[in-house]
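Here is a friendly briefing to read beside the model. Have the sequence and the 3D view open, and look up each residue as it comes along.

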Amino acid sequence: MSALPTSQLFDPSDPVFRVHEGGKLGVHATSPLRDAADLSLLYTPGVAQVSRAIAADPTLAGVYTSRRNTVAVVSDGTAVLGLGAVGPLAAMPVMEGKAVLFKHFADVDAVPVCMETGTVEEIVDAVARIAPTYGGINLEDISAPRCFEIERRLQDRLDIPVFHDDQHGTAIVALAALLNAVQVVDKELSELTVVVSGAGAAGVAVSRILVAAGVTDVVVVDSRGVLGPDRDDLVAHKDELRAITNPRGVTGTIGDALSGADVLIGVSGGTVGERDLMRMAPRAIIFALANPDPEVHPVVAARFAEVVATGRSDFPNQINNVLAFPGIFRGALDSGARRVTEEMKLAAARAIAGLVEAPTADHVVPSVFDDRVAPAVAEAVSALVLTASR
């Protein structure tokens, strides 16, 4: 934490702080309360009839309460944006912002739930205990590797969708962009050599979805080098990742991994040097997604790659999770899905990619303000659920 006085850390007159003053969320009623008759319907005595009905048939909660359209945005503040472990209070503005995006893009009511961090078991238990209020759980900004176990345990324990957006939102949109980028560079997805720089939450999910989509040669690199057969220092999630990647048994540094590679996807926050980028194949693709400072600056990346994408809004091809998570939850809530499956993630990526009719080097993903995106993703997710239920 900074030792500077609070007055030197921010300027209350700055537009950024002014727009956040009082928070970015409020509560509104969906039914009018005008008189005693309304009161008797909305609250006592009328509400008792609804409670009795739900007690007899819990599925009615999805009809007669806000649960059917409400998602909890859960964070313990241990991995907030690029700020790190700033804690639950400092995470609140980010979670409020996420809730605004849910509402704006998919009309999903999202509620920030920022909690003190604890053990995996404590967080899982806390979320499970509040889950009856919500139709879905969006996990956000929870540090790796804890986030993997937290998501897995909640998926096993709950009968509502649990989705860690830092993992899967990034992966879905990255795949969508890659599906269109390969058209631009005239290559086949199944023939690509892809290097993923970063083996944290996003790196794991990106690598897994690429393999599921048919990319047969994915090489993952962490801060110590390639996840190769020579590494005996790997924690569990990295060892599991190694088992499904690196079929050629590459070892060494990121430069070794990039030798002849078609694609670099950066989700690490580190820096990839020009000497290493020079080793990539012709007509390469670089997605440098660290925010606010990409692993490779777009101007530099353009010297080595035909298609370049970042996580930033001030350059072409923004890989932004908002293209995925609103539609994912809209579709899951509408269809009554109990979990977000791997098939849903692939379908969402294809739906996003399909909205770009004629991909170019500067246009491989739709704009975050393209109002077709969330409905298209929701429809793709719902269709899978409804097909499976027949």
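A disulfide is a pair of cysteine sulfur atoms within 2.5 Å. Please keep in mind that this is a predicted model.

**Cysteines**

- How many disulfides does a search of the whole structure find? The search finds zero.
- For C147, the closest cysteine sulfur belongs to C114 and is 16 Å away, which is too far for a bond.
- Is C147 buried or exposed? C147 counts as buried because its relative accessible area is 1%.
- C114 is partly exposed, with a relative accessibility of 23%.

- Helix α8 covers residues 146–157, which makes 12 residues.
- From its first C-alpha to its last, helix α8 reaches 17 Å, close to the 16 Å expected at 1.5 Å a residue.
- C147 is one of the buried residues of α8, together with R146, F148, I150, E151, L154 and Q155.
- What do the buried residues of α8 pack against? Their partners include the helices α7, α9 (165–185), α10 (201–213) and α11.
- The strands β3 (136–139) and β4 (162–164) also pack against the buried residues of α8.

**Salt bridges**

- Side chains of opposite charge can pair when their charged atoms come close.
- The structure holds 28 salt bridges, and a few of them are picked out here.
- D125 and R129 meet through their side chains in a salt bridge, at 2.8 Å from N to O.
- Where do D125 and R129 lie? Both are in helix α7 (residues 120–130), four residues apart, or about one turn of the helix.
- An α-helix has 3.6 residues a turn, so residues three or four places apart point the same way.
- R129 is exposed because its relative accessibility is 64%, whereas D125 is partly exposed at 23%.
- D222 pairs with K238 in a salt bridge, and their closest N and O atoms are 3.0 Å apart.
- D314 and R312 form a salt bridge between their side chains, at 2.6 Å from N to O.
- D314 is partly exposed at 49% relative accessibility, and R312 is partly exposed too, with a relative accessible area of 22%.
- Salt bridges with shared partners also join E121, E149, R152, R153 and D156 into one network.

**Aromatic rings**

- How many aromatic pairs does the count come to? The count is four.
- F105 and F369 form a tilted aromatic pair, with 6.2 Å from centre to centre and 45° between the planes.
- This pair links distant parts of the chain, 264 residues apart: F105 sits in helix α6, and F369 in the loop between α16 (342–354) and α17 (373–389).
- F369 is exposed, because its relative accessible area is 65%.
- F102, F163, F325 and F329 are linked into a cluster by ring pairs.

- T70 lies in strand β1 (residues 70–75) and is buried, with a relative accessible area of 7%.
- The T70 side chain reaches the backbone oxygen of S66 at 2.6 Å.
- Leaving aside residues up to four places away in sequence, T70 touches D109, V111, Y134, G135 and G136.
- E96 is found in helix α6 (residues 88–106), where it counts as buried because its relative accessibility is 14%.
- Which residues does E96 touch, not counting residues up to four places away in sequence? They are G23, K24, L25 and P112.
- E96 and V113 are 17 residues apart in sequence, and their C-alpha atoms are 9.4 Å apart in space.

Definitions and conventions
Residues are numbered from 1 along each chain as its sequence is written. This is a predicted model: local features need pLDDT of at least 70, side-chain atom pairs count only at pLDDT 80 or more; totals for chains, interfaces and linings use all residues. Side-chain values use heavy atoms; hydrogens and water are left out. A salt bridge is a side-chain nitrogen of Lys or Arg within 4 Å of a carboxyl oxygen of Asp or Glu. Helices (H or I, at least four residues) and strands (E, at least two) are DSSP runs, numbered from the N terminus. Buried means under 20% relative accessible area, exposed over 50%, partly exposed in between (1.4 Å probe, protein chains only). A polar contact is a pair of N or O atoms within 3.5 Å; within protein, one must be able to donate a hydrogen and the other to accept it, and residues adjacent in sequence count only if both atoms are side-chain atoms. Contact means heavy atoms within 4.5 Å. Rings of Phe, Tyr and Trp (its six-membered ring) pair if their centres lie within 6.5 Å; planes under 30 degrees apart count as stacked, over 60 as edge-to-face and the rest as tilted. The expected span of a helix is 1.5 Å times one less than its number of residues.
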